[in-house]
Amino acid sequence: MKKFVLNGALVLAISGFICKILGAFYRIPLSNILGAEGIGLYQMIFALYSLALVVAGGAVPTSMAITIAKMRASGKGSIKKVFFKYFFISAGLGTLFFLIFLLFAPNIASLQGNPLATTGYRYISFAVLFSSLIAPFRGLFQGYENMTPTAVSQVIEQTLKLALGLGLSYAFLGLGIEMAVSGAIIGVAVSELISFIYIFIRAKFFSKNVQSESGETPKIFKSYALVFVYVSIIPLVTAIDSFLTVNLLKLNFSSQSATELFGIQSGMVNSLINFPVIFSLALSTSLLPSLTYYSAKNKIYEVKSKISQSLNLVWVIILPCLLAFYVLAPTIMSIAYSSLQEELFLMGVQILRYSLVQMIFIALLQITASILQASGKIKFLIFNLVISAVIKIALTSILVSSAQFNIYGLVISNIAFYLISSVTNLVYLLKLYSLKINLKKLFLPLIFIALMFFPCLIIQSLSINIILKLLILAFLGVILYIFPIIYFKLIDIKTLKTIKKTD
């Protein structure tokens with residue numbers, strides 16, 4: 001039976017949407033339980049945890065998907081041998097970070113500027129270990145373009161994190177902010193363990209279908225090393241932010257206020273602006289093995305078709321999300337973080353609105369990076385991200401230390417990072433495949449969004465029930481955006497569906 005690229009993207013998009021909903025139900029009440037200082041502390045720990053996840057296993061699913069797709073295209077090599085190579089790499093690095101976090105927790109917390117993070121680092125070490133064991137199993141399934149096990153394991157993680165994290169953080173609140181944060185982190189560790197058990201069982205059944213082809217098994221070190229360096233850059237930059245930001249803010253604010261500001265920007269606002277980019281992330285993950293397969297087969301027409309359709313689809317989806325978040329920013333912040341003090345709430349609304357343009361460039365970076373990885377241009381991706389990261393870190397250091405910019409300096413540096421890296425990727429991609437930007441598909445959605453802007457602001461300002469307000473805004477979106485998009489044929493789902501996935 002033939003399957004389609006869009007199916008894999010939809011599976012991941014649906015699971016991503018469910019995970020983001022669960023994540024919102026988790027992060028929003030967690031922020032209200034812990035407060036701005038507590039969520040700032042949580043984000044400090046999570047920034048290094050995310051980096052450790054990438055170093056220990058983040059490169060494994062992507063690298064495995066590329067390697068397995070190439071092996072399937074050539075019909076050579078043992079996929080089972082490749083799996084075990086990746087498994088030992090991921091498990092070994094996971095064990096290393098487990099020991100680092102467990103043994104050096106006080107040192108890491110002190111360097112970040114808040115010793116209260118010590119206990120949280122000790123508990124998060126177990127989450128790193130379990131997550132590193134999950135990564136190679138996800139890579140195996142994704143190499144066969146089977147996105148369901150990855151999707152289900154992600155939903156399991158989020159569901160358990162929601163139930164256990166909130167329950168334990170609330171139960172430990174009376175023991176102090178340090179233990180309340182640790183309670184949430186214990187929930188993360190347990191959720192990773194259960195997710196690993198699930199995907200391990202799925203892989204046991206799936207392994208019967210994995211054939212050991214003839215011929216020499218490809219060497220994985222170079223491929224893995226390049227993907228590893230690439231996927232480590234953004235988490236590394238985020239980790240550097242966690243060290244720089246609080247310490248720089250402390251030049252003009254108290255330790256508590258500095259942690260609160262960092263918590264609002266990184267823990268609250270970033271959680272919201274990452275919500276609309278679910279589909280671009282899902283589509284880029286789903287495209288990678290398929291594009292790699294077609295590139296290996298030198299089927300350039302199929303590659304170009306998928307590139308054009310994917311870029312167009314993401315553009316059409318992300319624009320109304322940006323408008324909705326801008327117009328509804330006060331409502332979203334008041335619903336999500338009702339316990340914030342008025343001054344912090346108003347600052348949160350401002351930061352959210354200033355950060356929204358970042359969504360476009362995050363989505364563009366995800367799609368273009370996936371396409372360039374499949375095209376074997378990962379060295380360019382690494383070079384581009386490194387240059388962008390250096391600029392971002394310099395901007396963060398200069399602007400955040402300024403009393404005038406303070407936390408807004410981090411917002412500016414984030415936008416600069418994603419803008420430079422994504423636009424450079426796009427220009428290189430267009431040149432690589434001799435593609436031209438379709439001006440009609442670029443500007444018409446922008447015009448439709450511009451026509452909606454003031455009517456949406458007027459509706460938002462009305463003193464009516466929030467449900468009725470959302471219904472009116474949704475109706476307006478259908479009339480002024482969705483219908484014109486369909487009428488002018490700016491999205492052609494049939495074209496995506498006819499580009500079949502590999503067997």
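Helices here are DSSP runs of H or I with at least four residues, numbered from the N terminus. With that in mind, welcome to this predicted model.

The patch lies on the surface and is formed by L164, V190, L193, I194, I197, F200, I201 and F205. Together these residues have about 640 Å² of accessible area. One of them, I201, has its place in helix α6. Is I201 buried, exposed or partly exposed? Its relative accessibility is 44%, so I201 counts as partly exposed.

## A residue in helix α5

Next, take a look at helix α5, which runs over residues 148–171 and holds T150. T150 has a relative accessible area of 2%, so this residue is buried; the cut-off for buried is under 20%.

Which side chain does the side chain of T150 make a polar contact with? The partner is the side chain of Q142, at 3.0 Å.

## Aromatic rings

Now for the rings. Across the whole structure, a search finds 23 aromatic pairs. Ring pairs also link a cluster made of F83, F84, F87, F88, F137, F196 and F200. You have met F200 already: it is among the residues of the nonpolar patch.

One more ring deserves a visit. The ring of Y326 has the charged end of R353 sitting over it, 4.7 Å from the ring's centre.

Technical notes:
Residues are numbered from 1 along each chain as its sequence is written. This is a predicted model: local features need pLDDT of at least 70, side-chain atom pairs count only at pLDDT 80 or more; totals for chains, interfaces and linings use all residues. Side-chain values use heavy atoms; hydrogens and water are left out. Helices (H or I, at least four residues) and strands (E, at least two) are DSSP runs, numbered from the N terminus. Buried means under 20% relative accessible area, exposed over 50%, partly exposed in between (1.4 Å probe, protein chains only). A polar contact is a pair of N or O atoms within 3.5 Å; within protein, one must be able to donate a hydrogen and the other to accept it, and residues adjacent in sequence count only if both atoms are side-chain atoms. Rings of Phe, Tyr and Trp (its six-membered ring) pair if their centres lie within 6.5 Å; planes under 30 degrees apart count as stacked, over 60 as edge-to-face and the rest as tilted. A charge sits over a ring if NZ of Lys or CZ of Arg is within 6 Å of the ring centre and within 35 degrees of the ring normal. Patches are made of residues with over 30% relative accessible area and no salt bridge: like charges are joined within 9 Å, nonpolar side chains (Val, Leu, Ile, Met, Phe, Trp, Tyr) within 5 Å. Accessible areas come from the Shrake-Rupley method with a 1.4 Å probe; for residues, only the protein chains shown count as cover. A salt bridge is a side-chain nitrogen of Lys or Arg within 4 Å of a carboxyl oxygen of Asp or Glu.
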